[in-house]
Number of protein chains: 2
Amino acid sequence: MSEAKEERLVTQITPKSEDFSRWYIDLIRRAELADYAPMKGMMVIRPYGYAIWENIQKLLDRRIKATGHVNAYFPVFIPESFLRKEMEHLKGFAPEVAWVTHGGDDELEERLAVRPTSEAIIGFMYAKWIKSWRDLPVLINQWANVVRWEKVTRPFLRTTEFLWQEGHTAHETYEQAQEETLLILNMYKEFVENELAIPVIHGRKTEREKFAGALATYAIEGLMSDGKALQMGTSHNLGQHFAQVFNIRFEDRNQNLQYVWQTSWGVSTRLIGALVMAHGDDSGLVFPPQVAPIQVIIVPISIGNWKDTVLPVALKIKESLDKAGLRVFLDDRTEYTPGWKFAEWELRGVPLRLEIGPRDVKNNQVVAVRRETREKLIINQDNLEEKIKELLALVQKTMFEKALAFQQANTREAENYEEFKSIIEEKRGFIRAFWCGAEECEARIKEETMATIRVIPMDEEGGVNGRCVYCQKEAHTRAIFARSY
Amino acid sequence: MSEAKEERLVTQITPKSEDFSRWYIDLIRRAELADYAPMKGMMVIRPYGYAIWENIQKLLDRRIKATGHVNAYFPVFIPESFLRKEMEHLKGFAPEVAWVTHGGDDELEERLAVRPTSEAIIGFMYAKWIKSWRDLPVLINQWANVVRWEKVTRPFLRTTEFLWQEGHTAHETYEQAQEETLLILNMYKEFVENELAIPVIHGRKTEREKFAGALATYAIEGLMSDGKALQMGTSHNLGQHFAQVFNIRFEDRNQNLQYVWQTSWGVSTRLIGALVMAHGDDSGLVFPPQVAPIQVIIVPISIGNWKDTVLPVALKIKESLDKAGLRVFLDDRTEYTPGWKFAEWELRGVPLRLEIGPRDVKNNQVVAVRRETREKLIINQDNLEEKIKELLALVQKTMFEKALAFQQANTREAENYEEFKSIIEEKRGFIRAFWCGAEECEARIKEETMATIRVIPMDEEGGVNGRCVYCQKEAHTRAIFARSY
C-alpha cells in the first residue's frame with residue numbers, strides 16, 4: 001500500500017467516544033487483528049491477532065498443566081444421536097449447530113454436528129476408558145475450534161467459528177468435582193488479571209444463565225470501557241448429568257458401581273476482543289506487555305546519515321533485547337517517516353516505543369515512550385535489557401490498576417428499581433443489588449432494562465440480607481447486574 | 001483396570017513379525033496413543049499421543065518462525081463455489097469433502113466444505129490483502145484440523161479428520177516461490193531426521209502423484225520397518241494457478257499488475273504413525289528422546305522398607321531431572337510390581353529407564369536401561385542430570401543411525417523389470433530405477449506391482465542416463481519406487 005493510502009486509513013478509525021461499536025470493528029481491521037471472511041459470521045484471525053492467541057495459549061496452557069491436566073484431541077464431528085441424549089444440552093445447542101449431511105457424494109446415514117462443545121463425544125469416550133476409581137480423576141483439556149451458528153456476530157466476541165480450550169474432567173465425588181470447578185474458576189481469574197491486566201468478578205451464574213446440562217455454572221466477568229460486561233470464561237460443575245446419559249460408571253473403593261462427577265470449562269478467542277475493549281483508546285489498541293505480540297518497537301530517527309550512525313546502534317539494541325527474551329521489532333523501513341511509525345505502532349498497541357536519533361547515539365541514551373500513559377523517559381543504554389524489563393512490568397501493573405480503578409468507579413449499588421434503571425440508562429457499568437432469587441424478577445429486569453445477572457459473587461450468597469431490587473421481597477443474595485455482550 | 005486385566009492386555013499385542021498391521025493398531029490402542037471414535041474413520045488422540053504432537057509442534061513451529069513465517073487462522077468452512085474455481089483442485093478434493101448443508105434449522109444457500117486443505121479460502125483473502133510488491137512475500141502458516149472423507153482409514157496414517165500445519169506463501173517471482181518450496185522441503189527433511197530420527201529421501205513427485213492444482217510437488221519419504229514407504233511431508237510450488245482463479249494481483253516494481261507466485265506445504269499427525277512404524281518393535285513403542293512424551297521413567301525397586309530408603313532418593317532424582325528441563329516420570333504406584341512397570345514403560349516407548357533399589361541407594365548409583373538397545377548401565381548419582389542428557393543425545397543419535405542403516409540396506413537398484421518385481425515381492429523397501437518419464441510406464445508398474453514412484457530424488461534428474469526399468473527406452477531420470485501407505 002502506498003503511504004498516502006495508509007495514512008488515510010489510520011485517520012479513518014471512528015473515535016471511541018463517538019461510536020464504540022464502530023471503533024471496535026475499525027480498529028480490529030485496521031490493526032490487522034482480524035478480517036471478515038466471505039462466509040456469514042466468520043472471521044480470519046490475522047498474524048498480528050493470532051500472535052496474541054499464541055501468547056494466551058502459552059501462558060494458560062502452563063497453568064493448566066501445572067494443575068495436573070493433560071491435553072488431548074477429540075473429533076470435530078458429533079453424531080446427532082449423541083447430542084440428543086442429554087435433552088437440556090440439545091435444547092441449548094441444537095439451534096446453533098452446523099450439520100454435515102454428506103461425505104463426498106454420499107448422504108450420511110446420520111447427520112454429524114460440527115462440535116459446538118464436546119461434552120457429548122467426550123462423555124462417550126470416557127465411558128470406554130473409565131472403569132475403576134483408580135482411573136480417576138481424569139483431567140483432560142483440548143485446544144480446538146468450535147462452531148456455533150450465531151445470528152448476530154462480531155469479530156472475536158461472537159463468531160460462527162472460534163478457537164478455545166475446553167477442559168473436561170471426571171471425579172469420584174461431587175466434592176472433588178466442585179473443588180475442580182472452583183480451582184479452574186480461580187485459575188481463570190488469576191490468569192486474566194495478571195496476564196491480560198483485566199480485573200474480573202467471579203461468581204455463580206443463575207439457573208437461567210447456566211450452561212445447558214450443568215448443575216452449576218461459574219464465570220468470570222470483565223467490565224469493558226463502554227460500561228458493558230463481558231463473560232470471559234466459564235467453569236461448570238456438570239454433576240452426573242452426562243455420566244447418566246453416556247453411562248460413565250466406575251467401581252468405587254467399596255466395589256460399588258457409581259456414576260462419575262464431571263466438570264467442563266473454557267476460555268476462547270473472545271479474550272482478544274476483551275483486550276481491545278478493556279484497554280483500547282482513540283489512538284488505537286493498548287496491549288499489556290505479557291500478551292502483546294510486540295512488546296518493544298524501536299524507531300530509528302531517520303535524519304542525515306542515520307543509516308551509518310543510528311541504525312547500527314538500533315540494531316545492537318534490538319539484538320540485546322531479543323537475547324533477553326523480549327518480543328522486539330525494529331522498524332527500519334525507509335518508505336515511512338518516524339512520525340508515521342509512531343502513530344502506526346501506537347495504533348497497534350505496542351506497549352513501549354524506543355526512539356533513537358543522532359543525539360541519543362551521542363549521549364548513549366534512548367527515548368522510551370509508554371503507550372498506556374504516553375510518558376516519555378530518557379534512558380541510558382547501559383544495562384538496557386534489565387531497565388526495559390522493569391519498565392514493561394511497571395506498564396503491566398499500571399494497566400491493571402487503571403482497569404481496576406475503572407471497574408471500581410463503575411460498580412454501583414442500587415437500593416431500589418428506580419436507582420437501578422437510572423444507573424443502567426445513564427452510566428451502565430456493574431450494578432450490585434439484592435435479588436430475591438425469583439426467575440420472574442430476573443426476567444422482568446432483563447426485559448425492561450436489558451441488564452442481566454452476570455454473576456452472584458462468591459461471597460454474596462447466603463450470609464447477606466436485604467430486599468430484592470425488583471420486587472422488594474426479602475433477599476439473601478446480592479448479584480452483579482449489567483448489560484453485556 | 002485390575003492388574004490381571006492389564007497384564008493380559010500387554011501380551012495381547014500381536015507380534016510385529018506376525019502381522020504388522022495388527023501390531024500397529026494393537027500398539028496404538030494399548031499404549032493409549034489413540035482410540036477409535038464412534039464415527040467412521042475418526043480417532044481420538046489420547047493424552048499420551050497428543051503429547052508427541054505437542055512436542056512436534058513446538059520443535060517445528062520454532063523452525064517455521066525462524067525462517068520468517070508467522071501463524072494465523074483461517075475458517076474451517078469453504079464455500080463450494082470457491083473449491084469449484086480451480087478445476088484440478090476440485091477434482092482432487094471433491095470426492096473427499098464433508099459438506100455442511102444446514103445451520104441450525106435452516107438450509108444454507110450454498111453448501112460449505114469442511115476444509116480438506118485451505119488454498120481456496122486463503123487465496124480469496126490474499127486477493128484482499130496483497131496490493132503491491134511491498135506486501136510480498138506473505139509467509140503465513142496455520143496449525144489446524146482438516147477433514148477428508150477417506151474410504152480406507154488407519155489411525156494417524158489416514159483418518160477422516162487429522163491435525164496438521166499448512167503453510168501458504170505468496171511471492172513476486174517464480175524463482176522466489178521455488179526457493180521457498182525447497183527451503184521448506186529441506187526444513188522438513190532436517191526436522192524429521194534430527195527430531196524424529198527417521199531418515200528420508202527428498203525429491204519431486206511425478207505429474208501423476210502431485211497435489212491437485214500444483215505446478216510441482218516435492219515430498220519427503222520415509223521407509224517404515226515393514227519395507228513400505230510413507231510420505232511424511234509435502235511442499236508445493238503452486239505457480240500462479242490459484243492467483244489466476246482468485247485474482248491475487250500486485251503492482252510490481254515497474255508498476256505493472258502481476259499475479260503472485262504461491263507455495264503451500266504441510267506435515268500432519270501422520271508423523272506420529274511414522275514414529276510407531278519406523279522405530280517400534282515386538283515389545284512396543286520406541287520413541288526418540290526429542291519427541292518422547294516421557295524421556296526418563298524412574299522405577300523404584302519396591303523391596304523391604306523402600307518407601308523410607310529408596311523413594312526419597314528417587315524423588316530427589318526426579319526433581320533434579322525435572323529442573324534440568326527433562327520430561328521425567330516417577331512410577332511409585334504400589335499396585336504394580338517393578339517387573340510389570342518395566343514391561344509397561346517399554347511398551348510405551350520411554351527411551352530411558354532408571355531403576356533404583358536399596359543397593360543402588362547404598363552405592364550412590366542408579367541402573368539405566370536404554371529402550372532401543374536394552375543396554376544396562378550403572379551410573380553414579382553425582383552430576384546425574386548431565387550424564388542423562390548425554391545419554392539421551394546418544395540414544396537419539398543411535399536411533400537415527402539404526403534407521404538409516406535399515407533404509408540403506410533396503411534401498412536396492414533394479415536394472416530391469418524382472419529384478420524390480422522380485423525385489424517388490426520378496427523384499428520390498430525402496431527401489432532405485434531408471435524411468436523414461438512416460439506416465440504409461442508409471443501406471444503399468446503400479447498396476448502390476450502396487451509400487452509407485454515415491455519421489456525423483458533431488459540429484460537424479462537430468463544428469464543421469466540409463467534405460468527405463470519398464471519399457472527399456474532411453475531414460476534421464478532415476479526414481480525411487482516403493483509400495484506405500
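Which residues of H9(B) are buried? In this predicted model, the buried residues of H9(B) are B:Arg270, B:Leu271, B:Ile272, B:Gly273, B:Ala274, B:Leu275, B:Val276, B:Met277, B:Ala278 and B:His279. Ten of the ten residues in H9(B) are buried, and the helix is mostly covered.

One partner of H9(B) is helix H3 of chain B, residues 47–66. The two axes come within 10 Å and cross at roughly 110°. H3(B) is therefore roughly perpendicular to H9(B). From H3(B), the contact uses B:Gly49, B:Ile52, B:Trp53 and B:Ile56. They meet B:Leu271, B:Ile272 and B:Leu275 of H9(B). By class, the residues of this contact are six nonpolar and one polar, with no charged residue. Two packed helices are described by the angle between their axes and the distance between the axes.

H13(B) covers residues 384–409 and has 26 residues. From the first C-alpha to the last, H13(B) reaches 37 Å. That is close to the 38 Å expected at 1.5 Å a residue. Buried positions in H13(B) are B:Ile388, B:Leu392, B:Val395, B:Gln396, B:Met399 and B:Ala403. An α-helix has 3.6 residues a turn, so residues three or four places apart point the same way.

Strands E15, E17 and E18 belong to an open sheet of chain B. Five strands form this sheet, in the order E16-E15-E17-E18-E19, and the pairing is mixed. Strand E16 (328–330) and strand E19 (376–380) stand at the edges. Each has a single partner strand, so one side of each is left without a neighbour in the sheet. Neighbouring strands are turned by 25° against each other on average, direction ignored. Within the sheet, E15(B), residues 296–300, pairs with E16(B) in the parallel sense over three bridges. There, B:Val296 stands opposite B:Val328 of E16(B).

Two helices lie across this region. Helix H10 of chain B, residues 306–323, lies across E15, E16, E17 and E18 of chain B. H10(B) runs at about 170° to E15(B). Helix H11 of chain B, residues 338–347, lies across E15 and E17 of chain B. H11(B) also runs at about 170° to E15(B).

Elsewhere in chain B, strand E9 spans residues 200–204. Five of the five residues of E9(B) are buried, so the strand is largely enclosed by the rest of the structure. E9(B) pairs with strand E10 (residues 216–223) of chain B in the antiparallel sense over five bridges. In this pairing, B:Ile201 has B:Glu221 of E10(B) as its bridge partner. E9(B) is also joined to strand E22 (residues 452–457) of chain B by two bridges, and these strands run antiparallel. B:Arg204 stands opposite B:Ile456 of E22(B).

Two positions of chain A were examined individually. A:Ile28 lies in helix H2 of chain A, residues 20–30. A:Ile28 counts as buried because 24 C-beta neighbours fall inside 10 Å. Not counting residues up to four places away in sequence, A:Ile28 touches A:Leu33, A:Ala34, A:Pro155 and A:Val276. A:His69 is 41 residues from A:Ile28 in sequence and 33 Å from it in space, C-alpha to C-alpha.

A:Ser264 is placed in strand E14 of chain A, residues 261–268. A:Ser264 counts as buried because it has 26 C-beta neighbours inside 10 Å. Leaving aside neighbours within four places in sequence, A:Ser264 is in contact with A:Glu119, A:Glu166, A:Gly167, A:His168, A:His236 and A:Leu238. A:Ile388 is 124 residues from A:Ser264 in sequence and 39 Å from it in space, C-alpha to C-alpha.

The contact between the chains takes 44 residues from chain A and 44 residues from chain B. On the side of chain A that touches chain B, strand E5 (residues 98–103) gives the most, with six residues. By class, this side of chain A has 30 nonpolar, seven polar and seven charged residues. E5(A) is joined to strand E5 (residues 98–103) of chain B by five bridges, and the two strands run antiparallel. A:Val100 has B:Val100 of E5(B) as its bridge partner.

Technical notes. Residues are numbered from 1 along each chain as its sequence is written. Chains are lettered from A and ligands numbered from 1 in the order in which they are written. This is a predicted model: local features need pLDDT of at least 70, side-chain atom pairs count only at pLDDT 80 or more; totals for chains, interfaces and linings use all residues. Two residues are in contact if their C-beta atoms, placed from the backbone, lie within 7 Å. Helices (H or I, at least four residues) and strands (E, at least two) are DSSP runs, numbered from the N terminus. Ala, Val, Leu, Ile, Met, Phe, Trp, Tyr, Cys and Pro count as nonpolar, Asp, Glu, Lys and Arg as charged, and the others, Gly among them, as polar. Two strands pair if DSSP finds at least two bridges between them. A residue is buried if 20 or more other C-beta atoms lie within 10 Å of its own, exposed if 12 or fewer, and partly exposed in between; C-beta atoms are placed from the backbone. Axes are lines fitted to C-alpha atoms, for helices over the stretch in contact, and angles run from 0 to 180 degrees between N-to-C directions. The expected span of a helix is 1.5 Å times one less than its number of residues. Angles under 35 degrees count as roughly parallel, over 145 as roughly antiparallel, 65 to 115 as roughly perpendicular and the rest as oblique.
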